[in-house]
Number of protein chains: 2
Amino acid sequence: MKKAATIRDVAAHAGVSVSVVSRVLNGTGAVAPAKRAQVLEAIDALAYRPRAAARELSHGHSDTIGLLLADLTNPFFARLADRVVAEARSRDLQILVMTTQEDPHLEGQALDTLLDRSVGGMIGTPTGHNVERWEKLSALDIPVVFVDRTVGELAQVDVVSIENVGSAATATRHLLDRGHTRVGIVSGPLDTSTGVERVQGYEQALRERGLARDDALVRPAPFRGDLGAEVVAQMLALEDPPTGLVVANTAQVRVVLRMLAQARVAIPDDLSVVVFDDNPWTELIRPPLTVVRQPIDMLALHSVELVHARMRQKLPPAPRRVRVVAEFLERSSTARI
Amino acid sequence: MKKAATIRDVAAHAGVSVSVVSRVLNGTGAVAPAKRAQVLEAIDALAYRPRAAARELSHGHSDTIGLLLADLTNPFFARLADRVVAEARSRDLQILVMTTQEDPHLEGQALDTLLDRSVGGMIGTPTGHNVERWEKLSALDIPVVFVDRTVGELAQVDVVSIENVGSAATATRHLLDRGHTRVGIVSGPLDTSTGVERVQGYEQALRERGLARDDALVRPAPFRGDLGAEVVAQMLALEDPPTGLVVANTAQVRVVLRMLAQARVAIPDDLSVVVFDDNPWTELIRPPLTVVRQPIDMLALHSVELVHARMRQKLPPAPRRVRVVAEFLERSSTARI
DNA sequence: TTGTATGCGTTATCAT
DNA sequence: ATGATAACGCATACAA
């Protein structure tokens, strides 16, 4: 085990000073073509690679972007991670992936370690409970971009998400248009932006049709656990059960569908169902599901582009809110009543 | 934007030298109880957190573990990532996740950047094509643990995987026991350990029953892309098509099932199917699938424990091969012929 | 265009 | 028990 070469070794091998090497490395300042060649040769010969830690320490911060996701077990976030990593790679950025498991405590820890590593930027799906820490990042001039969801108290951060209100309204309207008057919704927790916004869209569609909201049909469910299934079961046990259902909580789609299957609820005969987010596995489900498909590659693209631009201070300070449209895809899980 | 506090600030605030602070921080050396209290107070007051980069630069390497996975889009790897992160967290280790997309070139890049960051250890699913770079890691005394699969040329690294040969044999036997004599297998590429080992298990089961291997029924498929489906279609188009199928390539399970559904192949009436790896979405599929379930939490546990132990040099140098047993789960996708 | 010298934040060695 | 101080590897301001 011999030690890895340092910039000094390269300088020595090339017969120049370290500053010259540093300059060819970073493209800063000019160097004579001849020397540049020697340096390049030396770098190659010694298989030299700059140490990230040294660079970071000297420069103050790294070009690594922290990606703090809720849950890799959810295909939506997993695919998001995949796309973000890809986008970052094409920009020579590095991604440090961490997960919160929707747990504010873990989110706090993750934010701390991300800070320790002096990340140059952050992309995250906040739980909503570590406002001070997120603020601290901004205070330290570390660009933060929220993706998918946001938290109201943090007005100064950039946000990339789908048009939640509109998408939920479209999904709801689709059911109303098919004659359903009793339409239920399982949303995310109401202290999350996706939760409230999608419920808003749902209510908006109801209002348009002059329908009143029935609290028994508007049920938030936590992202973790199986409570979404229970909540739907309760709806179906109502005297006047819904004939249409919008599952607006991505993380609960699976358990809801499983419960429906176990309870022998025929889709769409007994219940018309629209779910949020399409994922490769849903195409195996019978019947094929009518879905709100989130353009994950766009979410990833804009998120990475935003942090990157901010990191290079290429953007005016005003916070950006990028909202991409989600595609509504009618398949066979919804029918006329 | 005010700068974050450094160890010097803490020392000043506490009225001691930096060495004292460093000692209470790392528990190295003794400090007077009184001073320790002052230091702790100062740390708290200034919200001080040691910079990872500085620590790393000084110490030579970090306590970060690189996790280099093939594809987060595959639920198997996504869940593995989730569990590894969890195991690491409980040991105060950090995980840097990267993906190869099964692309040797990307794997090479990822390994380079991981090296740049002087990771203290690595857990990975190798593509099989960057032998020199993996060796370089070992040469630099960076512990490497392969999980799920391994590379023949790299004999000195630890491996954590399931009992591939045995699992494939069990799956195959299950079909043979039910009267199937024409059993096909879709494996991973034959230049991967999982690919060859599972085919070995398949052949072993065949031999036990005195059956000859038919090359037309043993079809490897790449991990990426949809070729697995095509390969199965070809099998079914044979004059003497298989009545049983083992899908031993996790990444191709989804596309194979989709193709089967589209081709209106009734499971298990027309074809009995066993697939490798159970994932939460497969429970929504009809009929419920007979599967080889990989104990992902065990894979994660052992992987993390192994690197961690190696990082602390708590293990004898001889490479460890941990093989955990995979559970065979009979459900309804297999039937007597 | 090139080289020298200093600082980045921490750990570790050595006196005290 | 405590405190200077020299690395660690790189970037960079400043001199030459």
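**Close-up views of the predicted model**

**View 1. The loop position of D92(B) is shown.** The model is predicted, so local features need pLDDT of at least 70 and side-chain atom pairs count only at pLDDT 80 or more, while totals for chains, interfaces and linings use all residues. Residues are numbered from 1 along each chain as its sequence is written, and chains are lettered from A and ligands numbered from 1 in the order in which they are written. D92(B) sits in the loop between α5 (75–89) and β2 (94–99) of chain B (helices are DSSP runs of H or I with at least four residues, strands are runs of E with at least two, numbered from the N terminus). D92(B) is not a glycine, yet its phi is positive, about 60°.

**View 2. D141(B) has a positive phi.** The value is about 65°, although D141(B) is not a glycine. The residue belongs to the loop between α7 (131–139) and β4 (144–147) of chain B. D141(B) has 13 C-beta neighbours inside 10 Å and therefore counts as partly exposed.

View 3. P268(A) is placed in the loop between α11 and β9 (272–276) of chain A. P268(B) lies in the loop between α11 (253–262) and β9 (272–276) of chain B.

**View 4. The surroundings of P189(A) include P220(A).** P189(A) is part of the loop between β6 (183–187) and α9 (193–208) of chain A. With 16 other C-beta atoms within 10 Å, P189(A) is partly exposed. Residues up to four places away in sequence aside, P189(A) touches G195(A), P220(A) and P222(A) (contact is C-beta atoms, placed from the backbone, within 7 Å). P189(A) and P220(A) are 31 residues apart in sequence, while their C-alpha atoms are 5.2 Å apart in space.

**View 5. Domain 2 of chain A touches domain 3 of chain A.** Chain A is assigned domain 1 (7–48), domain 2 (62–162 + 296–324) and domain 3 (164–294), with bounds from an automatic or database assignment. Over C-alpha atoms, the centres of domains 2 and 3 of chain A are 28 Å apart. Domain 2 of chain A gives 15 residues to the contact and domain 3 of chain A gives 14. On the domain 2 side, α5 (75–89), β5 (158–162) and α12 (296–311) of chain A each supply at least two residues. That side has 7 nonpolar, 4 polar and 4 charged residues (nonpolar: Ala, Val, Leu, Ile, Met, Phe, Trp, Tyr, Cys and Pro; charged: Asp, Glu, Lys and Arg; polar: the others, including Gly).

**View 6. Chain A and chain B are related by a rotation.** Chain A superposes on chain B by a rotation of 180° with 0.1 Å of shift along its axis (RMSD 0.2 Å). The relation is therefore that of a two-fold axis. The C-alpha of chain A nearest the axis belongs to A53(A), 2.3 Å from it. The same surface serves both copies, since 100% of the contact residues of chain A recur in chain B. Chain A and chain B give 40 residues each to the contact. Elements with two or more residues on the chain A side are α4, α5, β2 (94–99), α6 (104–116) and α11 (253–262) of chain A. By class, the chain A side has 22 nonpolar, 5 polar and 13 charged residues.

**View 7. DNA strand C and DNA strand D are shown with their surroundings.** DNA strand C is surrounded by 27 residues, with S17(A), A32(A), I7(B), A54(B) and S58(B) the closest (near is a C-beta atom, placed from the backbone, within 6 Å). DNA strand D is likewise surrounded by 27 residues, with T6(A), I7(A), S17(B), A30(B) and A32(B) the closest. For DNA strand D, α2 (18–26) and α4 (52–59) of chain A and of chain B each supply at least two residues of the nearby surface. The surface near DNA strand C divides into 13 nonpolar, 11 polar and 3 charged residues.

Key:
Two residues are in contact if their C-beta atoms, placed from the backbone, lie within 7 Å. Copies are superposed by least squares on the C-alpha atoms of residues with pLDDT of at least 70 in both. A residue is buried if 20 or more other C-beta atoms lie within 10 Å of its own, exposed if 12 or fewer, and partly exposed in between; C-beta atoms are placed from the backbone.
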